[in-house]
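Welcome! Here are some exercises to work through with the structure in view. Try each one before you read its solution.

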There are 2 protein chains.
Amino acid sequence: MKIAVDAMGGDYAPGVVMQAVSELLQEKDQQNIQILLVGHLEKLSYYLEKYNLQPSPRLELVHAETVVEMSDLSTAAIRSKKNSSITVCAGLVAEGRADGVVSAGHTGAAVAASTVKMRMAKGVDRPCLATVMPRAGGYGNWVLADAGANPDCSPMNLAQFAIMGEIYAKVALGRTNPTIGLLSVGGEDCKGNDLTKEAFKILSRMPINFVGNVEGHDTFTGECDVVICDGFVGNTVLKSSESLAKATVQWLKEAFTRNAFRKAGALLAKEAFAELKKHGDFEEYGGAPLMGLNGVCIIGHGVSTPKAIKNAIRVAHQFVEQKTPENVSSRIFECGVEKGAFAAHMHS
Amino acid sequence: MKIAVDAMGGDYAPGVVMQAVSELLQEKDQQNIQILLVGHLEKLSYYLEKYNLQPSPRLELVHAETVVEMSDLSTAAIRSKKNSSITVCAGLVAEGRADGVVSAGHTGAAVAASTVKMRMAKGVDRPCLATVMPRAGGYGNWVLADAGANPDCSPMNLAQFAIMGEIYAKVALGRTNPTIGLLSVGGEDCKGNDLTKEAFKILSRMPINFVGNVEGHDTFTGECDVVICDGFVGNTVLKSSESLAKATVQWLKEAFTRNAFRKAGALLAKEAFAELKKHGDFEEYGGAPLMGLNGVCIIGHGVSTPKAIKNAIRVAHQFVEQKTPENVSSRIFECGVEKGAFAAHMHS
């Protein structure tokens, strides 16, 4: 089992990635994971020494001349930076030299490079970024899919995302028969935009646990295991939620430092803040899988900690072991929503 | 100045609406507002007596046989319930018997009834629901437009929403030259979906303070005064944010009641929670205006308090006084994005 790790990807790369790899290689229960560490070897040398990382049967070093910076445009970067660390990583999977990729770098570039190099799994039209989101109220966390890989989607894309979300909810949340909702502007069947109205028809006929439309109110406080939407909406929900969470932390700080009483209260309840913070802390899930490809690709958050990167590598390992790409493909055929099946759906 | 008030609209109607009207009529500085209270007169009789509301030069009672329930579908309800309170309200404006409408009832029904009865202002294609949202970090609150009136939009719709958002930011937030951003999946000009890419081109050429694309991260913690998007995205951002805020309150409660220390801390900092709550409290703004119509329509939140409804009536009054519908129309022509101008834009 070989996982290609993008050493250059992420806000604190390469340091944080090198630390993660170093820690993982020392763990007893991860002996069957081999790492292909991909980056500019000269730039990595300081960290290779610092973390005592030597090439070994469990660690191979692969040179990549460039890196896609956060300020780069994804598609342009993939075209112009052919030797970037993420492109080299995806290429290793395409060539069969690695089983999966982990990167905490530029999401758009990871999507573009993985799609171009690995190509779509059989029957899949577009890859889907799936991510675990928090929830209050006892129904456990939920999966958002697509969280941002596809700004423009067809109804069939959404139908396929339902499958990928279903499979991810099984793997990440342990749900046996995940409920799947279509994100819309109202709970009734007829509500939505042109895209969701068409997608609703297809989803209704699939042998999945489809619960119909859900709306914004049903996300962080709802019941549904998987929420399906196009990548524009998903990216907006994800990022505006992160923005609101950040704003709330700031409001809390302001409110709890206004006078001595409140400061004392904050001190007494210090652990409550730590507990609150954990709800937004997803290093356990180790990033978001880009699903629907001929291979495994796990994309970490830009500000990933070593723990988050280690968990991303573990998730990649799990996906390879459980043959997730193959499962997506066969489930899509099972549900009759494989590439090209749209015409059949329209006339049945 | 006559404002038609939907007595039956809202989760706590008619009681809360009647209380609001009663209080408003007693206020010295609102002597120039006349109220047309619209609802089922028999059902209102208890409250008319309770709040000592008698027909007077400042209060006219108008009977409406039915009410659109929250569970009704908006368009179907408007067709089948021709004598619903919201339809009667909108009709009063259309007939020139009232200058504006206030309703805290079914948003979809209010949009449908107002659009059908009042019709679009000259040059406007679709109405836009504009709403004030909170923000941390010192840049003040921001306007989201469209917050949910149009699930499917054209690029020209978004261009017109920019004008309506601009005007609302001036009225509600007191901005002199509001910055306007296009909600997208990345800050760079070329990022977005097909809709926003086309809208970007039109917005760039308009004589407005357009700052380009903004993304989810730029909402609750950003700098932009007005954020433009289609109503599907706007509704989703609005409702998922409300859901996250609700979840956060629940997490806070759980975290601060875990043990005696934390409970004591919470008690000491009691006012901090009250302060925090205020960030999500928009009764000051009195609801969201549905802009772009031949007349004023202010839609209150379903759970509006008497204070929120009084403020919605004040906002309606302000909109009529400032000739907001006429301003939207003339500014749209000024910016060259009036109905039918699309072809010209495409070829210039």
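**Exercise 1.** How many residue pairs are in polar contact between chain A and chain B?

*Solution.* Keep in mind that this is a predicted model.
- Step 1: Between chain A and chain B, 20 residue pairs are in polar contact, both residues being at pLDDT 80 or more.

**Exercise 2.** Find the number of salt bridges between chain A and chain B, and look at one of them.

*Solution.* 
- Step 1: The count is eight salt bridges.
- Step 2: Arg262(A) and Glu275(B) join their side chains in a salt bridge, with 2.6 Å from N to O.

**Exercise 3.** Is Gly295(A) buried or exposed?

*Solution.* 
- Step 1: Locate Gly295(A) in the loop between strand 10 (288–291) and strand 11 (296–299) of chain A.
- Step 2: The relative accessible area of Gly295(A) is 13%.
- Step 3: Buried means under 20%, so Gly295(A), at 13%, is buried.
- Step 4: Check what lies around this residue. Beyond its neighbours within four places in sequence, Gly295(A) is in contact with Val93(A), Met118(A) and Pro325(A).

Note on methods: Residues numbered from 1 in each chain as written. Chains lettered and ligands numbered in written order. Predicted model: local features only at pLDDT ≥ 70, side-chain atom pairs only at ≥ 80, totals over all residues. Heavy atoms only, no water. Salt bridge = Lys/Arg side-chain N within 4 Å of Asp/Glu carboxyl O. Polar contact = N/O pair within 3.5 Å; in protein donor to acceptor, adjacent residues only side chain to side chain. Helix = DSSP H or I, 4+ residues; strand = E, 2+ residues; numbered from the N terminus. Buried < 20%, exposed > 50% of the residue type's maximum accessible area, 1.4 Å probe, protein only. Contact = heavy atoms within 4.5 Å.
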